[in-house]
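Below are some friendly notes on its aromatic rings, written as numbered points.

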Amino acid sequence: MNHAEITHSQNSEDLPPLLHKAVEEVITGKYLNALLDILHFQSSNVWTADMLTKVMAYFHAQEVMFTLSSLQMSIKSYLKNLLYQPRQLLSEFQQLDQQQFQTAMKYLFNSRKDHLEVGNIILDWDKTRERIFQSPGVNRTLFLITLDKCFLALSALDCVDILSQVLRVSAVNYLQPDVIGSLPNILLEDAFRNLSTVFKDLYDKTSANTQRALYGWMKHILQKSCNMSEFNESTSWVSAENLWILGRYMVHLPLEEILKISLNEIRLFISYDNATKQLDTVYDITPELAQAFLERINSSGFDMRNTSTIYRQDCFSFSFMAVLGLLVCFYDDMEQMDAAVARAVLHQMIKCNQLRGFQAKVQKLKSQLLNIAMQNQTLNDILGSLSDAVVGLTSSQLESLSPEAVHNAIATLNQVSGWAKSQVMILSSKYLSYEKVLSFYNVSQMGTLVTGISTQSFYSMNPKELSQIIRGTTSQYLSDLSPAQQQGILRKIAASGDFSSSVKDIQGAFFKEISLSGLWKQTGYNSSMMKEKELRRSQALYLYELLSKKNYPVDLLSTGQLVKGVTCQLIESMGTDIFLNNFKFFEMNLHLLSPYQVNCLAWKFWKVSNASIPPFLLLVLPTEYLEYVSGPLCVPFIGSLGKTEMDLLNPSLHKKNAVLQKVQECLNSSVADEYDVELLGNLICHLPPAFLHGRMSLKAMATALHQFKLCQQLSHEQKTEITYKLLELYGSPNNWTAETTLDVGPFIALLSKGELNVLAEKFPDIILQIAKTIGPVSSAEELLSTVFESISSSTANIESSLTRPDCLGTSAPSSDEIIKLAEANVFWSVQALKCMDAGTFDKNVELLGTVSGFNSSQLIALKEKAKQVWGSLPDWKSYHIVSLGRIALAFTEHEIEQLDLHSIDTISVLSQQTEWTLTQARSILQGFLEDSGQTISTLKSFDLVGLGAILCALNSTEILSLRTAEFSAAVARIGLLFCSTPVLRQFKQMTESVFGTATSWNGSVLQEIGTIAGGLNEDELKAFDKNLMPYFQPIAIRRIPPEIFQALSPEQIANLGPENAAMVTRSQREHLNASQLQSLQLALDGARTSTPETQNSASTTQAVQTSAPSGE
């Protein structure tokens, strides 16, 4: 033997076998295997100092030149790369032996260690584990490998525990129907129960096809476990216990199976303590299945028809109804039911609004029960015992109630959800007319009905009582008040001098209603009181600057909302360490930052630490910086972009295309499988149609469907390509199952009329459910017309000959149809609307008023119907006008003059409609002034806020006669209006009386006044410092007339910031010269305008490319 061979054999004998194996694995580059072997070795052996010497000697003998530090570097970079290559990780995991696999699972899922010592190498295990579980791709690998190897290597209970941890990350993506096939089909009882509990918890996070597949898997195991010889055609495998194990999956039992369940088992199941809890969660049960269950329960000895028995055993009846859970929503056995039982059923039906669909059916049932409950009783007597069925009462029924009845029933009425605005107005005024004085106590009793208190009533209250309302339990309802009501409360408190002490108690979105000038007058702010408040940007800019004099950045940034007030100058002036240590607060609150702020953060990061810049920030820098993304930076770049909302960063179209080009490059021009889909995250919403068409595999599509459904703004072309892919994936809609139809969801809107007809015939309820979520008719005309045809033909409702002669043969809308159709009500002919029954109109007017697609002839028909039902216009009450919604747009100027418009709350609702003509708006304004006995100069801030868009009808003399103090309190709301340029000019003049001459305005004032800045003239605009340009609100940029906009200097335009630059209109652009256009392009690109960066040297580029960004 030569010398080397002798040394080799000695060294390998010196090393324990497992260590020897590990060292050989290091030499062949199998670091993961080696790492796991050494960890296993260490779990039962002590690592001694001479072992390292022996290991290094062995390397030396093998002529492998490793030093300890080079070995440490290799292992660390290998592990880091594996995290970015989950497919590679999967194949390495598949090659582990059983012992290595067990060790891996132990350290991943059961180890509490924060550091791992592998021999003399120390790894930060806590950080690594965190990154493993944050990476969707690595998690998928862990899920697949657990299914593949775990049940063979570890105890089933341990594997179930591991699966439950991994699935909590993204069940919807991992649990695809084809994967369910690889779940173990033989499991010990405990493991099966634990795993089925995991699946029950994840029910809502999985697709309908997956739910069906999981039901199949559970059924298979449950059938195996019960002795099938005892079960024949007529008896079922579904025992009480199996029903309980199925949990929510019980809704997948076929009808015939339910009807075979033994009555003893049903009786036993109903007696379980947690049966009710289970039945309370079957949100997706269908009426047919619910009635089958009810029929079995009834047959099993609970005599639900014998109402007298039930009523005598009072407590039994009520608790029995409670046992039924959501099945009660379909309990339609009305024969011989008495009033008490009807009320008991109604009480249980409060939860029925949680059902997915079938609301029309539920409402019909409630109204039948309501009729029974009211037998031989007056509405006044039983108002408090009707539960939330009171929502079904018409305005005229509510109007007939006595104030005393409302007062006595307030404990029920204040908890009911689903009230229409007009109903709340009636009930509130009844309650308050009984109470006489509006006090803190009375208001705190009102719960959801608080929104019906008039603005004037709030304003008339004692300010101390109002301050208590802000602090008390009623504060949870304040955000539901209209802006006018909120302004009424604030104005009164502000006028009382008690404002400073109240400011700290104003929480949430209500705080946004305080005007900037109101904030200026107060003192005593501190950073901790900002934690519970929502701020407008103008407020945040002022408060951040004020508080930064006495607080460290960390105290201000950690409040969340105050990040809105950080200026670029502040970011620039932060020291490197302070900036890097506080960057996490910006990252956590990305959704609160403006694109301009994100751009400043990116430049700052680039300047202080370009090697560790979070990759998503490269998106907001000029396009050429995307060139730094390649090779190892690709995965972290896509991953970090996928976790943020690209629209928040608001890139220009040109830059967005460059980013998507880079993403496609990084993906080798295709979305090949689930791993790519998970890496893309939100980015999938932005992939261009051609790429979806040719570059997305069907394998990827199955996982991507869920992600696509979450996208907010897919173009029609994208939706079309997605639909083609789905047809490729699922085949012809003629053969789709109910589950596939549910999973495809909103994309059915792009199918052909013929295909939609097939689906509507097979699955009418599902199509209805999808149509409800689809939005206005313009986005899904075919689908909504299919729904309309399917519903109106199934319930053809020809009026009897008692109706008007011109309505003979016309199918008029019924309540049931109107509720089901929602937006699809647009397809009723004008004639059908004219022939609608008066009661049907009265009951459904609010819903009809929300239909966005009605044309003017339909609206006129509905308005005429309202006059026919409610009598002449001067007799109408405020709540009548409020309940009309869009129907009010059909009023002529003459009709508006006849309405009673004394209340600002009525005006506030009318002003929410955006389609008034100028003459209509003028009539509403005149009507309000005349009926309320006011002039322009007596209007309060809450009147101005309530008038909203109607203010655009003011003339210049009127605007200038507004009171400055009232105008300043309402200016932020007025700054949201899109009025004509002459009106904005007058508002600008008023604004100067509040904030001083335009040339003295700062960033917070520009943010506060919004569109009013569109009324500036050329000289004023030119005089603004270029650093103020980003503080114009984006909506203000569009309001600046092109001939004035062109007065901006190239420097001012370059400093607009990306978001404002993106708002420049085509006509504004056409007025700019070459130099201004070049500046506009710089602003769109996010170019550095203050301190231009010199081009970086090659070494910096190198550093950026090779080091992985932080936080990934």
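**Notes on the aromatic rings**

1. Searching the whole structure turns up 27 aromatic pairs. Rings of Phe, Tyr and Trp (its six-membered ring) pair if their centres lie within 6.5 Å; planes under 30 degrees apart count as stacked, over 60 as edge-to-face and the rest as tilted.

2. A word on the model: it is predicted, so local features need pLDDT of at least 70 and side-chain atom pairs count only at pLDDT 80 or more, while totals for chains, interfaces and linings use all residues. Residues are numbered from 1 along each chain as its sequence is written, and side-chain values use heavy atoms, leaving out hydrogens and water.

3. Look at Phe583 and Phe605, an edge-to-face pair with 4.9 Å from centre to centre and 90° between the planes. This pair links distant parts of the chain, 22 residues apart: Phe583 belongs to helix α37 (residues 576-588) and Phe605 to helix α38 (residues 595-609). Helices here are DSSP runs (H or I, at least four residues), numbered from the N terminus. Phe583 is buried, at 5% relative accessible area, and Phe605 is buried at 4%. Buried means under 20% relative accessible area (1.4 Å probe, protein chains only).

4. Trp870 and Trp876 also pair edge-to-face, at 5.1 Å centre to centre with 80° between the planes. Trp870 is buried at 13% relative accessible area, and Trp876 is buried at 2%.

5. Which residues form one aromatic cluster? They are Trp603, Trp606, Tyr625 and Tyr628.

6. Finally, charges over rings: Lys200 lies over the face of Trp244, 4.8 Å from the ring centre. The charged end of Lys492 sits over the ring of Tyr459, at 5.2 Å from its centre. The rule is that NZ of Lys or CZ of Arg is within 6 Å of the ring centre and within 35 degrees of the ring normal.

How values were computed: Helix = DSSP H or I, 4+ residues; strand = E, 2+ residues; numbered from the N terminus. Buried < 20%, exposed > 50% of the residue type's maximum accessible area, 1.4 Å probe, protein only.
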